[in-house]
Amino acid sequence: MKSPLSIICELTHRCPLRCVYCSNPLELAARAQEMTTAEWASVMEQAAGLGVLHAHFTGGEPLARTDLNAIVAAARRSGLYTNLITSGLGMSEARLDNLLEAGLDHVQLSFQGRQELQADEIAGTRAHAYKLKVAEWIRARRVAFTVNLVVHRRNLDELAEMIDFCASLGPQRLEIANVQYYGWALENRTSLMPTRAQMERSVEIVEAAKRSLAEQLRIDFVLPDYYGSQPKACMGGWASQTLIIDPAGRALPCHAAGVLPGLTFDSVREKPLRWIWTDSPAMNKFRGDEWMAEPCRSCERKTVDFGGCRCQAYLLTGNASNADPVCALSPHHQLVTSIAAAEACGPPLGEAQGKSAEWVYRIFNASPAAEKAAAPYTKPSAVEACPSHSG
Amino acid sequence: MTLVPEAKLTLAVGCRLREVEGQPPMLLMPEAVVRLHGAGAEIVRRIGNGRTFSELLAELHAAFPEAGERLDRDTEEFLRRLHEKRIIEVTG
């Protein structure tokens with residue numbers, strides 16, 4: 001049994017942002033369910049004992065936890081490399097200094113775009129201006145700095161300008177990630193799906209930026225997988241390299257795995273982490289190839305992409321053991337191509353384009369349908385869809 | 001990258017040497033881990049404390065007197081590789 005290399009700690013699902021592509025599950029964990037400082041410290045120690053090297057602190061917004069410093073310090077005491085994945089909201093200069101003193105190695109700061117209005121629409125709150133300040137504080141200190149930019153149909157047309165904007169913030173690394181359709185992003189897929197033309201152009205833009213900015217920063221690019229013909233090697237294989245711990249202590253092989261029916265994910269509150277990783281039924285469910293259906297089982301790429309993403313297979317085909325339908329060899333591949341073709345239409349984000357999309361913003365203790373119903377009243381009207389954007 | 005004798009070598013921000021008894025030495029950095037072999041850890045440990053290229057070579061020759069001239073070549077090649085991977089910074 002290989003050791004996991006990294007542990008992703010969802011310290012809380014609380015977040016001042018309500019991003020329309022949030023990868024958190026639709027059922028967010030409430031504050032009362034969250035693990036204590038001591039429980040997280042124990043997880044850090046157990047993870048290091050299991051061979052984990054990197055600890056990623058995410059959420060929700062990890063800064064929403066007042067004990068973040070103590071958790072980072074516990075991770076460092078256990079010998080782990082520490083990474084804070086943050087929106088920046090909740091950060092102050094003093095807090096950043098304290099985190100660095102506790103041993104924080106790396107800060108990953110997310111941006112929703114380069115212009116305040118558009119970025120804040122995606123975040124569902126006013127956040128962009130504050131993020132700019134946080135970026136300055138990070139740059140002024142000696143800590144590894146990554147800017148994370150999430151791209152989709154609404155902002156891909158200004159990708160080149162967004163890359164210049166992100167580079168001006170001074171990170172050593174820029175991660176440009178297309179939205180992956182799980183959690184809240186799946187709810188908003190129709191408003192986020194890029195067009196094939198945007199996707200093709202974005203590859204050229206990123207390649208050009210990698211060359212022109214090579215001296216300044218490294219760029220990593222995550223492609224939109226609905227346009228692929230070979231699936232991604234999701235998480236490097238099910239329960240193979242990475243462990244995720246949710247706010248309540250449940251151990252998962254990926255962020256989205258909670259959607260899979262019939263699996264019980266054990267909690268670090270009840271079981272040792274080592275047992276969960278090596279022996280628990282859920283972690284072993286999709287290891288190896290015995291679970292695979294055709295065409296995966298006899299495919300020579302099964303050790304390269306592991307049949308793709310189990311969650312995507314379930315969400316799109318109804319069976320988690322099927323090949324990820326992104327694969328051109330999948331009998332369900334047409335599902336993906338037809339979804340992309342049908343949904344990749346509509347206007348890009350921006351005032352000039354008129355009416356904004358109908359977003360499903362993340363919210364606690366409510367189903368997405370309830371959130372839709374709770375949207376503020378606006379004057380009823382019948383607006384013709386613009387023919388040039390209707391696909 | 002020019003490696004003049006007075007070039008100052010430092011570990012890039014966010015790169016950290018991990019040495020745990022019974023485990024191979026490793027360089028930890030954002031989203032990556034590099035395992036160090038041979039004299040790699042000896043070199044990285046010294047760079048972590050700030051060295052010029054000539055200081056580093058002198059110390060390595062003292063630590064590995066049997067290595068002779070190839071130590072200079074090997075060290076330079078190793079440093080170039082670390083620099084390409086943005087693991088070290090070279091100034092001056």
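Where is A:D266 found in chain A? A:D266 sits in the loop between β9 (251–252) and α10 (273–279) of chain A. Helices here are DSSP runs of H or I with at least four residues, strands are runs of E with at least two, and both are numbered from the N terminus.

## Basis of the model

This is a predicted model: local features need pLDDT of at least 70, side-chain atom pairs count only at pLDDT 80 or more, and totals for chains, interfaces and linings use all residues. Residues are numbered from 1 along each chain as its sequence is written, while chains are lettered from A and ligands numbered from 1 in the order in which they are written.

## Chain A overall

Chain A holds 15 helices and nine strands. Its C-alpha atoms fill a box of roughly 60 × 55 × 45 Å along the principal axes. The radius of gyration of chain A is 21 Å, which agrees with the value near 21 Å for a compact globule of 391 residues. That radius is taken over C-alpha atoms, and the globule rule is 2.2 Å times the number of residues to the power 0.38.

Of the 391 residues of chain A, 47% count as buried. A residue is buried if 20 or more other C-beta atoms lie within 10 Å of its own, exposed if 12 or fewer, and partly exposed in between; the C-beta atoms are placed from the backbone. Among contacts in chain A with a separation of 6 or more, 72% join residues 24 or more positions apart. Two residues are in contact if their C-beta atoms, placed from the backbone, lie within 7 Å.

A:D266 counts as buried because 21 other C-beta atoms lie within 10 Å. Beyond residues up to four places away in sequence, A:D266 touches A:A251, A:K271, A:I276, A:S280 and A:A282. A:R250 is 16 residues from A:D266 along the chain, and their C-alpha atoms are separated by 5.7 Å.

## Helix α2 of chain A and its partners

Helix α2 of chain A spans residues 68–77. Its buried residues are A:L68, A:I71, A:V72, A:A73, A:A74 and A:A75. They pack against α1 (37–50), β2 (54–58), β3 (81–86) and α3 (93–102) of chain A. Just after α2(A), A:G79 takes a positive phi of about 90 degrees.

A:A41 lies in helix α1 of chain A. With 19 other C-beta atoms within 10 Å, A:A41 is partly exposed. Leaving aside neighbours within four places in sequence, A:A41 is in contact with A:I71 and A:A74.

## Where chain A meets chain B

The contact takes 14 residues from chain A and nine residues from chain B. On the side of chain A that touches chain B, β3 and β5 (144–151) are the elements that give two or more residues. That side divides into five nonpolar, five polar and four charged residues. Ala, Val, Leu, Ile, Met, Phe, Trp, Tyr, Cys and Pro count as nonpolar; Asp, Glu, Lys and Arg count as charged; the others, Gly among them, count as polar.

A:R218 lies in strand β7 (residues 218–222) of chain A. It has 17 C-beta neighbours inside 10 Å and therefore counts as partly exposed. Outside four places in sequence, A:R218 is in contact with A:Q172, A:R173 and B:R86.

## Helix packing in chain B

Helix α1 (residues 40–48) and helix α2 (residues 53–63) of chain B pack at about 140 degrees, with their axes 11 Å apart. That angle makes α1(B) oblique to α2(B). The contact is made by B:E42, B:I43, B:R46 and B:I47 of α1(B) and B:L56, B:E59, B:L60 and B:A63 of α2(B). By class, it has five nonpolar, no polar and three charged residues. Axes are lines fitted to C-alpha atoms, for helices over the stretch in contact, and angles run from 0 to 180 degrees between N-to-C directions. Angles under 35 degrees count as roughly parallel, over 145 as roughly antiparallel, 65 to 115 as roughly perpendicular and the rest as oblique.

The axes of α2(B) and helix α3 (residues 70–84) of chain B come within 10 Å and cross at roughly 130 degrees. These two helices, α2(B) and α3(B), are therefore oblique to each other. Here B:L57, B:L60 and B:H61 in α2(B) meet B:L71, B:D72 and B:T75 in α3(B). The contact of α2(B) with α3(B) divides into three nonpolar, two polar and one charged.
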